[in-house]
Amino acid sequence: MKKIQAFLFSFIFLLGLAACGNDMKEMETDTSIDYNPKVDTNKENNVVSFGFENHTVTLNSGYKMPINGLGTYSLHGDVCVRSVKSALKNGVRLIDTASAYGNEEEVGQAIREAIGEGIVKREDVFVITKIYPGSEMANPESSIQNCLNRLNIGYVDMMLLHHHDKNDVKAYKAMEQFVKNGKIRSIGLSNWYVEELTDFLPRVNITPALVQNEIHPYYQENDVIPFIQEKGIVVQGWYPLGGRGHSVELLEDTVISEIAKAHDVSSAQVILRWNLQKGVVVIPGSSNPNHIKENTELYHFILNENEMDRINALDRNEKHDWY
Ligand SMILES: NC(=O)c1ccc[n+]([C@@H]2O[C@H](COP(=O)([O-])OP(=O)(O)OC[C@H]3O[C@@H](n4cnc5c(N)ncnc54)[C@H](OP(=O)(O)O)[C@@H]3O)[C@@H](O)[C@H]2O)c1
């Protein structure tokens, strides 16, 4: 039955893509295009709906999350505060941080300042943070509370386990308790793949709303993405531009540059759009206000099937980090 459903969803998805064509005019006239199959979760028949019209996805927890955001790994101090505020001023409403990045205080400060300056309201911003293996996951209640204290923005929209660990089930169950008391709205995982998910999911009560994994044209995870999405779990890609130290090679890739030229956009925009059309949420990192703005301008062009195929063919199974 599930196979038939998956086939039908894929079929509807392909029909939708075929109907999109490759020019912006068609996108403007048909705002009902859904680029991702709607997938029933295993639990309460919630539906994950990944939409380009409002730039959000509805998570299996019932909350809406923006589909493009700002990654803050390697942003610290004033640079971090300025970058997060610059993103918020440019309409970015999804911010990804982590205990391990050591910048939750700056992220929280930027959000509080932006609220004070009338740029956003708290409920407009979706903040993701993560707790780390080792001592944090061994003492999950205090680690989670420390994240909340450092961010100091009332509640956290999404908390993830940063990697798997011997205490990951215990840590996840602690996050489930914080969901119950309303301090965390949704929970998920990072760096979990098919084998790890297969083992982990039966051992917890709340199905993760999100899995955040390394995804870029040189490391595409084409086997993992549908496996996660079919469970009603949203996939988010880290290192969407290849990660610092690798982004130049990716941005200068001939195929991506040609496609960018054809649409009069940047290579970064092509890669981010490619992710979105695969139903993958993007969180590019940047401290450059021009890049931050450019990385939000992803909704005025459509990659056609041929262009998607050309980027899909760039996969080298080349991971840019160890986890
Ligand atoms: N869960 C995990 O284990 C994990 C691991 C790693 C990362 N992450 C998350 O994923 C986010 C993204 O990763 P990342 O920031 O390391 O790498 P990335 O987004 O793949 O690439 C960032 C690099 O791309 C450049 N860049 C950004 N926008 C650009 C544009 N429009 N044109 C040209 N260059 C551009 C940035 O430089 P400028 O600053 O000059 O723009 C920076 O050097 C992180 O910030 C973090 O939130 C999660």
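This is a predicted model: local features need pLDDT of at least 70, side-chain atom pairs count only at pLDDT 80 or more; totals for chains, interfaces and linings use all residues.

1. Two strands are taken as paired if DSSP finds at least two bridges between them. Strand 6 (residues 94-96) and strand 7 run parallel and are joined by three bridges. Within this pair, leucine 94 has phenylalanine 126 of strand 7 as its bridge partner.

2. The chain holds 14 helices and 12 strands. Eight of the strands form an open sheet in the order 5-6-7-8-9-10-11-12, with parallel pairing. Strand 5 (70-71) and strand 12 (280-282) stand at the edges with a single partner strand each, so one side of each lacks a neighbour in the sheet.

3. Two further pairs may be examined along the sheet. Strand 9 (residues 184-190) pairs with strand 10 (residues 210-214) in the parallel sense over three bridges, and leucine 189 stands opposite valine 211 in strand 10. Strand 10 also pairs with strand 11, in the parallel sense and over five bridges. There, the bridge partner of glutamine 212 is glutamine 236 in strand 11.

4. Are the faces of strands 7 and 11 covered or uncovered? In strand 7, six of the six residues are buried, so the strand is largely enclosed by the rest of the structure. Phe126, Ile128 and Lys130 lie on one side of strand 7, with Val127, Thr129 and Ile131 on the other, and both faces are covered. For strand 11, five of the five residues are buried, so this strand too is largely enclosed by the rest of the structure. Both of its faces are covered, with Val234, Gln236 and Trp238 on one side and Val235 and Gly237 on the other.

5. Helix 7 (residues 168-180) lies across strand 7 (126-131), strand 8 (156-161) and strand 9. Its direction is at about 160° to that of strand 9.

6. Just after helix 12, glycine 279 adopts a positive phi of about 80°.

7. Of the chain's 323 residues, 44% count as buried. Among contacts between residues at least 6 apart in sequence, 71% join residues at least 24 apart. The largest nonpolar core comprises 72 residues, and Val84, Met159 and Met175 have the most contacts inside it. Helix 12 supplies the largest share of this core, six residues. Residues up to four places away in sequence aside, methionine 159 touches Thr129, Lys130, Ile131, Ile144, Cys147, Met175, Ile184 and Ile187.

8. Which residues are closest to the ligand? They are Gly71, Trp238, Ala268, Gly285 and Ser286, out of 29 residues that surround the ligand. Helix 10 (247-251) and helix 13 (289-294) are the elements that give two or more residues to this shell. By class, the shell has 10 nonpolar, 16 polar and three charged residues.

9. Histidine 164 is found in the loop between strand 8 and helix 7. This histidine has 21 C-beta neighbours inside 10 Å and therefore counts as buried, the threshold being 20 or more. Apart from neighbours within four places in sequence, histidine 164 contacts Trp192 and Glu196. The C-alpha atoms of histidine 164 and glutamate 196 are separated by 8.1 Å, although the two residues are 32 apart along the chain.

10. Two residues other than glycine have a positive phi and may be checked against the model. Histidine 55, with phi near 60°, is placed in the loop between strand 2 (47-51) and strand 3 (56-58). Because histidine 55 has 17 C-beta neighbours inside 10 Å, it counts as partly exposed. Asparagine 317 has a positive phi of about 50° and lies in the segment after helix 14. With 9 C-beta neighbours inside 10 Å, asparagine 317 counts as exposed.

Methods: Residues are numbered from 1 along each chain as its sequence is written. Helices (H or I, at least four residues) and strands (E, at least two) are DSSP runs, numbered from the N terminus. Two residues are in contact if their C-beta atoms, placed from the backbone, lie within 7 Å. Axes are lines fitted to C-alpha atoms, for helices over the stretch in contact, and angles run from 0 to 180 degrees between N-to-C directions. A residue is near a molecule or strand if its C-beta atom, placed from the backbone, lies within 6 Å of it. Ala, Val, Leu, Ile, Met, Phe, Trp, Tyr, Cys and Pro count as nonpolar, Asp, Glu, Lys and Arg as charged, and the others, Gly among them, as polar. A residue is buried if 20 or more other C-beta atoms lie within 10 Å of its own, exposed if 12 or fewer, and partly exposed in between; C-beta atoms are placed from the backbone. A nonpolar core is a set of buried Ala, Val, Leu, Ile, Met, Phe, Trp, Tyr and Cys residues joined through C-beta atoms within 7 Å.
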